[in-house]
Structures are given as structure tokens and as C-alpha cells.
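Hi,

Here is the structure I promised to pass on. Have a look at it first, and my notes follow below.

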Amino acid sequence: MGFKCGIVGLPNVGKSTLFNALTETAAAQAANYPFCTIEPNVGEVAVPDPRLDTLAKLAKSGETIPTRLTFVDIAGLVRGASRGEGLGNQFLANIREVDAIAHVVRCFEDSDVTHVEGKIDPIADIETIETELMLADLDSLEKRVTALEKKARGGDKEAKETLDLVNRALALLRDGKPARLLERKPEEERTFRLLGLLTSKPVLYVCNVEEESAATGNALSRQVEARAQEEGARAVVISAKIESEIAVLSPDEREDYLQAIGLEEPGLNRLIRVGYALLELVTYFTVGPKEARAWTITRGTRAPQAAGVIHSDFERGFIRAETIAYDDYVTHGGEAGAREAGKLRLEGKDYVVADGDVLHFRFAT
């Protein structure tokens with residue numbers, strides 16, 4: 001389990017170039033015209049985590065299996081997408097299926113790459129996309145009100161609660177604000193998710209800059225970062241062109257290349273790290289002579305549900321989790337050393353799995 005991140009943005013902002021680089025494939029046709037991506041392209045990448053390699057070496061594991069991250073390259077949205085312009089309805093439907101939105105924003109000048117709006121203005125670009133998503137949400141919610149009101153008048157408690165949530169969301173959207181900013185109680189979360197609102201998705205702004213600004217960003221990317229801070233979103237600076245060049249290099253060549261241009265790591269690493277924080281994801285490990293493997297769960301997940309990520313039988317028959325913190329595992333040279341030092345703990349059904357835990361599940365068949 002990783003997470004599914006939809007790459008969206010106006011045409012010609014570098015979405016498909018970034019997708020190709022991230023997945024190291026040429027599955028998405030990167031071309032200098034709108035709608036070159038008609039169907040959503042899906043690609044998976046391994047999540048880089050140096051802790052996994054360290055654990056594999058200590059356990060002499062035969063195989064190392066990282067967790068995976070899914071990217072969905074969604075065709076470029078344009079003004080009027082909420083009314084079906086530029087195949088907008090199809091593209092908006094694809095956005096509903098992802099966990100988070102990576103909104104690629106053009107933060108570079110290049111006369112050879114046309115801009116669909118005829119000017120370089122990242123904040124205006126963001127507002128164009130956000131407006132279309134909000135209009136689509138407004139349309140979706142307004143169509144549900146009459147039926148919900150009828151059920152609520154008939155005494156349907158669930159309909160009454162849903163109607164209250166819908167009306168509050170409509171008020172926010174009509175005020176020009178995305179649904180993710182709606183204040184809600186913990187017990188309303190499930191109903192809110194079931195509304196399937198596009199603007200409820202967490203947003204990560206990807207500032208696509210020219211090569212020279214990859215390490216420090218530029219004036220345009222700083223505008224986007226300020227916007228992200230205002231609305232409680234996240235932003236990361238990446239040069240899609242550099243990422244596409246890195247993608248075809250060997251690991252050693254990548255390291256030399258990054259050093260030469262003043263970068264410590266590929267943009268993919270930063271994108272994943274910020275994305276994980278955005279979705280409140282953590283990683284736990286299973287380690288043995290056969291394999292060392294990383295698993296991704298949501299922060300706050302209890303041990304039985306974490307076990308269920310591996311197999312549903314593990315969750316149904318959960319007895320306990322033998323648990324070693326990553327630092328303890330490394331400090332004491334592996335499972336045997338950690339056990340001898342008293343660092344192996346037996347945790348039950350109420351244990352909340354921590355990031356970096358090395359787990360071995362005991363379960364009844």
C-alpha cells in the first residue's frame with residue numbers, strides 16, 4: 001500500500017514530462033499541444049527509503065521490496081472543464097479516484113513552449129484549476145439537495161446529517177473556498193469522504209522551474225509557496241527537465257549529476273516525502289532472511305489493521321505483534337541483539353504502529 005496521486009494542471013505545464021521522469025517510462029506522450037494525454041496514464045515507482053536497505057543488510061535478506069507509489073497522469077484541464085470543455089468531465093471523473101492531487105504549476109519562462117492562457121502567471125493558473133474543481137463540486141452537491149431534503153423531512157436521521165454537511169460545504173464553495181477547508185467533527189469524516197468532492201483532496205503544488213532554479217526556486221515558485229502556506233497546502237520545487245535527464249542515468253551517474261548541479265537528491269524523493277506528510281502516511285517493516293519489505297499505512301493505524309495490509313487473514317486472526325523500533329534494531333545489530341537487549345516488545349490489538357517499527361505478526365489460522 002502506497003498512495004495514488006493524480007498529476008493535474010493546465011496543458012503544457014510539464015505534467016507528462018514529470019510523469020515520464022518519475023515512472024522512468026515513456027507511457028505518457030509529452031508533446032507541445034493541449035490534450036496529448038487523453039486517457040489517464042498510471043505508473044508505479046518504488047518509494048526510496050534508506051532504512052530498508054540498512055535493515056536488509058543487517059538481516060542478510062535475500063530480497064529487498066520497497067513500498068510503491070502510484071502516479072496518475074491526468075490530461076490537462078482548461079477553463080470551462082466543469083462544463084465539459086476540453087473533455088473536462090472525463091478528466092474530472094479521473095481526479096475523483098485519487099487520494100491526493102499533485103498540481104503541477106508552470107514556474108518557468110520558455111518562448112518555445114506555448115501557454116494555454118497566453119501568459120506565465122502561476123497563481124492565475126492555480127485559480128483556473130481550483131475554480132473548475134469548485135464548480136464541479138457545486139454542481140454535484142446542488143443536485144443532491146432536493147432528495148436529501150425530502151428524506152430529512154421524512155425523519156431520516158442520516159439524510160438530515162448529510163444535508164447539514166452538504167449545506168455547509170455549499171456555503172464554503174459559494175464563497176470561493178475549497179471543500180477541504182470545511183470545519184467538521186471526527187464523526188463526520190466518513191460522510192464527508194463519501195461526498196466524493198474534488199476540492200476535498202489534499203493538494204501538493206509542484207512548482208516546475210527551469211534547470212537553473214531547481215535548487216533554490218525562483219520568484220514564481222515563491223508565489224506558489226506563499227499561496228500553499230496560506231491555504232494549509234504543501235509545495236515542492238522540481239525541474240521536470242532535470243528529472244527526465246536523471247531518469248535515464250545509472251545510480252552512480254545520478255549522484256555525480258546531482259552533485260554537479262547542487263542538488264542533494266532527485267525531485268522524486270522530495271515529492272514523495274512531502275506527499276507522505278500531506279496524507280499522514282508512515283512506514284513499517286517486515287524483515288527476515290527471505291526478504292526485507294516496507295509497508296505503508298496511515299498514521300494512527302493499530303496493529304491488527306497494519307497486519308491486514310499484508311493479508312486479511314493476519315488481521316482476522318491477529319494475536320500480537322513482536323515489535324522493535326528501527327533505531328533499536330540497528331543499534332543492536334538486528335533482531336537477535338535487540339531481543340537480548342530487551343528491546344523486543346509484545347504489542348496487542350490497541351497498539352498504534354509507529355513509523356519505522358520492525359514488526360513480526362503472530363496470528364491464529
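Among contacts (heavy atoms within 4.5 Å) in the protein between residues at least 6 apart in sequence, 68% link residues at least 24 apart. Before you read on: this is a predicted model, where local features need pLDDT of at least 70 and side-chain atom pairs count only at pLDDT 80 or more, while totals for chains, interfaces and linings use all residues. Residues are numbered from 1 along each chain as its sequence is written, and side-chain values use heavy atoms, with hydrogens and water left out.

The protein has 14 helices and 12 strands; these are DSSP runs numbered from the N terminus, with helices being H or I of at least four residues and strands E of at least two. Of its 365 residues, 49% are buried. Buried here means under 20% relative accessible area, exposed means over 50%, and partly exposed is in between, with a 1.4 Å probe and protein chains only.

Now the sheet. Six strands form an open sheet in the order β2-β4-β1-β5-β6-β7, with mixed pairing. β2 (41-46) and β7 (234-238) are at the edges with a single partner strand each, so one side of each has no neighbour in the sheet. From one strand to the next, the twist averages 25 degrees. Two strands pair if DSSP finds at least two bridges between them; β1 (residues 4-8) and β4 (residues 68-73) do it in the parallel sense over four bridges. Within that pair, glycine 6 has valine 72 of β4 as its bridge partner.

Helix α1 (residues 15-23) lies across β1, β2, β4, β5 (100-106), β6 (203-208) and β7, and runs at about 40 degrees to β2. α4 also packs on the sheet, where it touches β5 and β6, and its direction makes about 145 degrees with that of β5. For these angles, axes are lines fitted to C-alpha atoms, for helices over the stretch in contact, and values run from 0 to 180 degrees between N-to-C directions.

How far apart are the end C-alpha atoms of α4 (residues 122-153)? They are 46 Å apart, which agrees with the 46 Å that its 32 residues should span at 1.5 Å a residue (the expected span is 1.5 Å times one less than the number of residues). α4 does bend, by about 35 degrees at valine 145; the bend is the angle between axes fitted to the seven residues ending there and the seven starting there. Just after α4, glycine 155 has a positive phi of about 95 degrees.

A few single residues are worth a click:

- Threonine 67 sits in the loop between β3 (63-65) and β4 and is buried at 4% relative accessible area. Its side chain makes a polar contact with that of threonine 296 (3.0 Å), a residue 229 places away in sequence but 6.5 Å away in space, C-alpha to C-alpha. A polar contact is a pair of N or O atoms within 3.5 Å; within protein, one must be able to donate a hydrogen and the other to accept it, and residues adjacent in sequence count only if both atoms are side-chain atoms.
- Glutamate 231 belongs to helix α7 (residues 219-231) and is buried at 15% relative accessibility. Its side chain makes a polar contact with the arginine 227 side chain (2.9 Å). Neighbours within four places in sequence aside, glutamate 231 is in contact with Glu130, Arg180, Leu181 and Tyr205.
- Asparagine 12, in the loop between β1 and α1, has a positive phi of about 65 degrees although it is not a glycine. Asparagine 12 is buried, at 13%.
- Lysine 60, in the loop between α2 (50-59) and β3, has a positive phi too, near 55 degrees. Lysine 60 is exposed, at 69%.

Cheers
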